[in-house]
Amino acid sequence: MTIAGTVQVHKSLPAWRRLARVGVVTSIAATAVLLTACGGGDQVKKFKPTKIVSFGDENSALVEVNVGGNGTVTTIKGFKYGVNDIGIAKVGADPSGLTVASTQTAWIDFPAVGSAVSNTLAGSLTATSSYYQVVQDFNLTTLYTNSSSGTQPVTYTYTYYCASNRLWNQILANSYGLGYKTQCPSETYSGAVTYAENAATVTSTATQVSAHRGELDSNTLVTVMAGQNDVLNAYAEIRAGTLTLDSAKSRMTAQGAALAAIVNDVIKTGARVLVVKLPDLGVSPLGIADPALPDGSSAATNLAALVLAFNNGILNTITNDGTKIGLVNFYDYTRYIHDSPTNYGFTEMVSSVCQTTSVYKPDGTATSGARTAPLYGGDALLYCNSYTITNSASTYFWSDEVHLSPGAHAYLGSLAYSRADDNPF
């Protein structure tokens, strides 16, 4: 049987739909029929990894961010390029008899440093067993409309729950009783690590694997998701008129083959590997909304062609012996969902979740601005949180122009576990 084989997903609301925010996968086994196994023979004993190692781009990355203020710098772990779950609480009540200015309403939800705010970070990061907190004091000159003093200190607690709105590889790891606790302190489980990086390409993924190949063994499940940034860079060249579509497709086929070569080398360590076929970016908000290219062709057609060429490069080169490599066919499923989103628990695939303006870092300072081509994402996506979204994080498929929402990550995590559980590793 070919490693590319898939079957049409069922049409009822799947178990993954309940996974978008938090919790270990408890009903994923019921979705094992979503993906077929590769290789022949009866499965005698399922592979159960004791360690998971992730490589690739920002779709699999957990990031540390530094928060600074008043001479103090501290670190919050577990940020994602997507929707970070955040809880905000004001410590203490407003001073008696003072009225909050209407112009500060949005500020109270998520502060931004401006003319009315002086940021003085109080103390250092406080860790607990399940989350991290940042406590900040802000001196406000216009928060209250009838303050005689004109300045009032207010303290807020910002709690970042990196075990909520999980990445697909977090969901996969949790399904095995493993987790990225060293990189996401609010996770319950340890035993998994991700070396994935923002803006990574196939070339930089190879560098990641080379640096950490010695950590892999026969008890390790490796996840690989990369190539999206190669596709987006090639698409930018086509749009600029410096690369033809045919040449770009040839390049993407070669890059897919290069990723497969990395995977083929990884299995020599004894590790098993799950490889994710790229989603169809032709049905992303970028593919749908971007203007026609100089030759009159659509963005959707070009992006779909580039992704397909990349995925075919993987298929043509990967070692397909059905024992150590499983391929997650996310490409086909994005197309299925696009055609009938409500059948899969989604609202639509046209709009993104994260807003493009008024996105701030945890210390209240502004990010660098709107997401920009060719890779999008960046700080505006890294600091997207549950207070800065315009659509449902669990029922809309994309966080920005090309990156997955928590709901899409939950769906992919379900597919990945089903693929691993069904594969005769």
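Mentor: Let us begin with a definition. On a 1 Å grid over the protein atoms alone, a cavity is a set of points where a 1.4 Å probe fits but cannot get out, and lining residues have an atom within 4 Å of a point. Grid points are joined across faces, edges and corners, and a volume is the space filled by probe spheres set on the points. About 40 Å³ of space lies in the largest cavity. The model is predicted: local features need pLDDT of at least 70, side-chain atom pairs count only at pLDDT 80 or more, and totals for chains, interfaces and linings use all residues. Residues are numbered from 1 along each chain as its sequence is written, and side-chain values use heavy atoms, without hydrogens and water.

Trainee: How many cavities of 30 Å³ or more does a search of the whole structure find?

Mentor: The search finds 1. Among the residues that line the largest cavity are K80, Y81, R166, P406 and H409.

Trainee: What makes up the lining of the largest cavity by class?

Mentor: The lining has 5 nonpolar, 5 polar and 2 charged residues. Ala, Val, Leu, Ile, Met, Phe, Trp, Tyr, Cys and Pro count as nonpolar, Asp, Glu, Lys and Arg as charged, and the others, Gly among them, as polar.

Trainee: Why is T194 called buried?

Mentor: Buried means under 20% relative accessible area, exposed over 50%, and partly exposed in between (1.4 Å probe, protein chains only). T194 has a relative accessible area of 4%, and is therefore buried.

Trainee: Which polar contacts does the side chain of T194 make?

Mentor: A polar contact is a pair of N or O atoms within 3.5 Å; within protein, one must be able to donate a hydrogen and the other to accept it, and residues adjacent in sequence count only if both atoms are side-chain atoms. The side chain of T194 reaches the backbone oxygen of S60 at 2.7 Å, and a polar atom of that side chain lies 3.2 Å from the backbone nitrogen of A196.

Trainee: Why is K51 called partly exposed?

Mentor: K51 has 24% relative accessibility, so K51 counts as partly exposed. A polar atom of its side chain lies 2.3 Å from the backbone oxygen of E215.

Trainee: What share of the protein's 425 residues counts as buried?

Mentor: The buried share is 56%.

Terms used
On a 1 Å grid over the protein atoms alone, a cavity is a set of points where a 1.4 Å probe fits but cannot get out, and a pocket is an open set with protein on both sides within 12 Å along at least five of seven lines; lining residues have an atom within 4 Å of a point.
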